[in-house]
Amino acid sequence: MLLLLEVGFRFVAYRKDLNTIEHIEETSNIPHAGEKVQLGRIIRLSKNPRIIYELIPNVSVIFTYKRLKRNQPVTTNSYGFRERTVPINKNPLSRRIVGIGDSLMFGWGVKEEETYLSILSELLNANDPALSWEVINMAVPGYNTVKEVETLKEKGLQYKPDIVIIHYCENDFNLPNFIREQEDYFALNQSFIIKYFSGNLKRIKMIRAPRRSNGIHFENDLQKISEQYRDMVGIRAYYRAMKELQSLSIKHKFDVVLLAYEPSKNIKKISLQLGFHMLDLTPCGRSMPLNKTS
């Protein structure tokens with residue numbers, strides 16, 4: 001009887017978490033227009049466990065940047081991207097660029113029109129008026145490469161991109177800024193009956209990812225990371241994600257441009273092996289093609 005009750009309470013916990021995911025739109029704590037917020041107030045759980053969290057659609061807030069000591073307006077469209085809404089249906093005369101990345105591409109500390117993808121869109125349309133260049137900025141602060149490629153699969157491919165820009169930075173090997181916290185329904189070292197009646201039953205939610213010993217970067221030691229996130233962290237996870245991006249580029253016929261600030265030899269090697277265009281963003285702003293002409 002106790003065994004049946006234990007199984008029943010585990011199922012109850014699972015159903016509660018599933019209900020939370022199914023009704024994300026209703027449970028999101030949407031900030032008021034013009035409210036001063038930090039990152040945690042403009043993101044919500046994603047239904048996709050590989051994405052973990054995403055920007056809340058249709059928000060218009062003042063994003064506060066403590067480290068930079070400056071505030072900037074941030075607006076998201078109906079798809080949860082920081083850019084003007086681009087229709088899903090593609091015009092034959094349009095060329096599309098989808099950007100996947102983290103806070104650097106998102107535009108941490110700058111206005112939307114000051115992000116480099118917005119500037120790129122203006123330059124392309126000014127210098128190539130025969131075509132309509134549409135740039136979709138799908139970057140979210142705190143993402144790593146695994147989450148970026150997963151976001152492209154779930155949300156970006158529907159735009160039929162001609163070019164996908166992925167921005168690499170050193171924290172792409174680490175955990176993302178936020179992870180899910182939820183019960184382990186199969187754990188044998190705890191009783192869900194006791195947890196339920198003692199009020200200690202967790203509900204699925206987002207929490208800050210653990211940081212490394214330096215207190216700055218998020219964890220990348222596989223031995224210190226929950227098993228469910230180990231395949232998202234480290235150079236091997238990065239390579240698998242980039243290999244998947246290569247397969248997607250072949251299947252959906254788009255070029256990949258990798259932007260990297262002082263990339264390591266491993267990053268250059270992977271880019272060369274996969275046949276991606278690569279721009280090395282050196283401190284002086286010089287762009288250097290590694291293996292192809294972009």
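This is a predicted model: local features need pLDDT of at least 70, side-chain atom pairs count only at pLDDT 80 or more; totals for chains, interfaces and linings use all residues.
Trainee: What makes the span of helix 7 close to the expected one?

Mentor: Helix 7 covers residues 235–252, 18 residues in total. From first C-alpha to last, helix 7 reaches 25 Å, against the 26 Å expected at 1.5 Å a residue. The value is therefore close to the expected one.

Trainee: Which residues of helix 7 are called buried?

Mentor: They are Ala 237, Tyr 238, Ala 241, Met 242, Leu 245, Gln 246, Leu 248 and Ser 249. The word applies because buried means under 20% relative accessible area.

Trainee: What covers the buried residues of helix 7?

Mentor: The cover includes helix 5 (145–156), strand 8 (163–168), strand 11 (255–260) and helix 8 (265–274).

Trainee: Which residue follows helix 7?

Mentor: Lys 253 does, and its phi is positive, near 60 degrees.

Trainee: How many salt bridges does the structure hold?

Mentor: Eight. One of them joins Asp 162 and Lys 90.

Trainee: Why is the contact of Asp 162 with Lys 90 called a salt bridge?

Mentor: The closest N and O atoms are 2.9 Å apart. The cut-off is within 4 Å, so the pair qualifies. Asp 162 lies in the loop between helix 5 and strand 8, and Lys 90 in the loop between strand 5 (70–75) and strand 6 (94–100), so the pair ties together parts that are 72 residues apart in sequence.

Trainee: Why do Asp 162 and Lys 90 count as partly exposed?

Mentor: Asp 162 has 24% relative accessibility, and Lys 90 has 29%.

Trainee: What makes Arg 96 and Glu 134 a salt bridge?

Mentor: Their closest N and O atoms are 2.6 Å apart, and that is within 4 Å, so the pair counts. Arg 96 is in strand 6 and Glu 134 in strand 7 (residues 132–137), 38 residues apart. Both residues are buried.

Trainee: How do you know that Lys 153 and Glu 244 meet in a salt bridge?

Mentor: The N to O distance is 2.8 Å, and the limit is 4 Å, so the pair passes. Lys 153 lies in helix 5 and Glu 244 in helix 7, so the pair ties together parts that are 91 residues apart in sequence. Lys 153 counts as partly exposed at 32% relative accessibility, and Glu 244 counts as partly exposed at 32%.

Trainee: Which residues do salt bridges that share partners join into one network?

Mentor: Arg 44, Glu 54 and Lys 155.

Methods: Residues are numbered from 1 along each chain as its sequence is written. Side-chain values use heavy atoms; hydrogens and water are left out. Helices (H or I, at least four residues) and strands (E, at least two) are DSSP runs, numbered from the N terminus. Buried means under 20% relative accessible area, exposed over 50%, partly exposed in between (1.4 Å probe, protein chains only). Contact means heavy atoms within 4.5 Å. A salt bridge is a side-chain nitrogen of Lys or Arg within 4 Å of a carboxyl oxygen of Asp or Glu.
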